[in-house]
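Work through the exercises below with the sequence and the model at hand. Each task is followed by a solution in steps.

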Amino acid sequence: MGFENGGMSSLEDLIDKAGGCAVIDGGFATQLESHGASINDPLWSALCLIKDPDLIKKVHLEYLEAGADILVTSSYQATIPGFLSRGLSLEEGQSLLKKSVKLAVEARDKFWDAKGSVPGNSYNRALVAASIGSYGAYLADGSEYSGCYGPEVNLDKLKDFHRRRLQVLVEAGPDLLAFETIPNKLEAQACAELLEEENIQIPSWICFSSMDGENAPSGESFMECLDILNKSEKVTAVGINCAPPHFVESLVCKFKQLTTKAIVVYPNSGEIWDGRAKKWLPSKCFGDDKFETVATRWRDSGAKLIGGCCRTTPATIRTISKALKEKS
Ligand SMILES: C[S+](C)CC[C@H](N)C(=O)O
Ligand SMILES: N[C@@H](CCS)C(=O)O
Ligand SMILES: [Zn+2]
């Protein structure tokens with residue numbers, strides 16, 4: 001399954017407790033917006049770390065209630081350069097990053113204190129995954145779905161971009177790291193090399209988006225991308241996030257052939273992000289009822305971690321959790 005590495009047992013234990021496949025939460029920014037948050041901003045969902053941290057906690061609690069075994073923090077588009085360009089100091093930016101982990105840990109502990117000891121409850125004590133969005137997410141120009149970073153962006157630049165945030169998030173004590181919507185091989189390599197260089201001791205997953213259902217958004221094959229990640233002992237799981245759900249089954253099968261690492265999938269609803277207009281365009285959408293069937297198929301094809309990304313909601317996660325728990 002891909003847990004051959006030492007020190008990575010928290011995730012493996014959770015997957016075992018969850019019956020062989022653990023449930024990740026759903027669209028985080030989506031749920032902030034459904035509560036009225038306005039995030040049309042270069043910081044996107046990370047704006048709420050400044051404006052409304054209580055809402056962040058509320059959304060985490062809603063996903064726990066829905067059956068999520070893993071909470072992904074609000075740090076997807078929280079970056080030090082992003083906070084600096086908003087006029088915050090380095091210390092303030094770092095403190096907001098730490099706060100993203102703290103809010104999720106507090107929600108997890110509150111929920112577990114209330115529900116964990118109730119006889120017959122169907123919950124697991126959730127893990128907190130610190131979200132690390134791609135460089136393209138920080139650029140806020142939709143390039144997490146194209147992988148086009150331009151010729152001046154090289155390996156060192158990507159590592160420099162990710163390094164301090166990674167260090168600060170790890171210092172805050174999450175259970176794992178979630179690299180999200182990585183669109184090309186170069187950034188996957190940068191993330192894997194950083195995990196080695198920083199000697200990270202918690203599990204991590206690295207997830208790619210995909211626009212064609214076969215390759216990374218850059219057009220590079222997943223064989224090339226996974227070749228690099230397979231060589232790293234620090235990468236615990238690999239997979240797909242924020243790609244349309246109708247691509248997922250064949251991608252799980254493809255990944256099964258390309259890696260022995262655990263496979264993680266949390267697609268969006270099928271809507272397409274218009275990076276210029278900053279809105280979701282309707283497209284082949286999956287309703288929650290469809291997630292019931294497909295989640296078990298993804299599990300049966302080999303996925304070990306399943307959840308939802310943008311435009312999925314607690315109702316989606318409730319459906320997935322119920323389907324996986326019933327049929328495990
Ligand atoms: C996952 S996308 C919808 C996040 C938002 C994007 N990085 C932007 O700022 O436009
Ligand atoms: N964890 C982020 C991912 C965006 S692609 C969110 O759910 O908002
Ligand atoms: Zn998404």
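**Exercise 1.** Which polar contacts does ligand 2 make in this predicted model, and how much of its accessible area does the protein cover?

*Solution.*
1. Start with the nitrogen of the ligand: a polar side-chain atom of Glu180 lies 3.0 Å from a nitrogen atom of ligand 2.
2. Turn to oxygen. A polar backbone atom of Phe28 is 2.8 Å from an oxygen atom of ligand 2, and a backbone N or O atom of Ala29 is 3.1 Å from an oxygen atom of the ligand.
3. On its own, ligand 2 has 270 Å² of accessible area, of which the protein covers 97%.

**Exercise 2.** Which elements give two or more residues to the shell around ligand 2, and how do the shell residues divide by class?

*Solution.*
1. List the shell. Among its residues are Gly26, Gly27, Trp44, Tyr76, Thr181 and Cys242.
2. Assign elements: α2 (28-34) and β4 (176-182) each give two or more residues.
3. Sort by class: seven residues are nonpolar, three polar and one charged.

**Exercise 3.** Where does ligand 2 sit, and what lines the cavities of the structure?

*Solution.*
1. The structure holds two cavities of 30 Å³ or more. The largest has about 190 Å³ of space, and ligand 2 sits in it.
2. Of the 20 residues lining the largest cavity, Phe28, Ala29, Tyr76, Glu180 and Cys309 are the closest to its centre. Its lining comprises ten nonpolar, eight polar and two charged residues.
3. The second largest cavity has a volume of about 150 Å³. Its 14 lining residues include Trp44, Gln77, Glu144, Trp273 and Lys278, the closest to its centre. By class, this lining has eight nonpolar, two polar and four charged residues.

Conventions: Residues are numbered from 1 along each chain as its sequence is written. Chains are lettered from A and ligands numbered from 1 in the order in which they are written. This is a predicted model: local features need pLDDT of at least 70, side-chain atom pairs count only at pLDDT 80 or more; totals for chains, interfaces and linings use all residues. Side-chain values use heavy atoms; hydrogens and water are left out. A residue is near a molecule or strand if one of its heavy atoms lies within 4 Å of it. A polar contact is a pair of N or O atoms within 3.5 Å; within protein, one must be able to donate a hydrogen and the other to accept it, and residues adjacent in sequence count only if both atoms are side-chain atoms. Accessible areas come from the Shrake-Rupley method with a 1.4 Å probe; for residues, only the protein chains shown count as cover. On a 1 Å grid over the protein atoms alone, a cavity is a set of points where a 1.4 Å probe fits but cannot get out, and a pocket is an open set with protein on both sides within 12 Å along at least five of seven lines; lining residues have an atom within 4 Å of a point. A molecule sits in a cavity or pocket if more than half of its atoms lie within 2 Å of its grid points. Helices (H or I, at least four residues) and strands (E, at least two) are DSSP runs, numbered from the N terminus. Ala, Val, Leu, Ile, Met, Phe, Trp, Tyr, Cys and Pro count as nonpolar, Asp, Glu, Lys and Arg as charged, and the others, Gly among them, as polar. Grid points are joined across faces, edges and corners, and a volume is the space filled by probe spheres set on the points.
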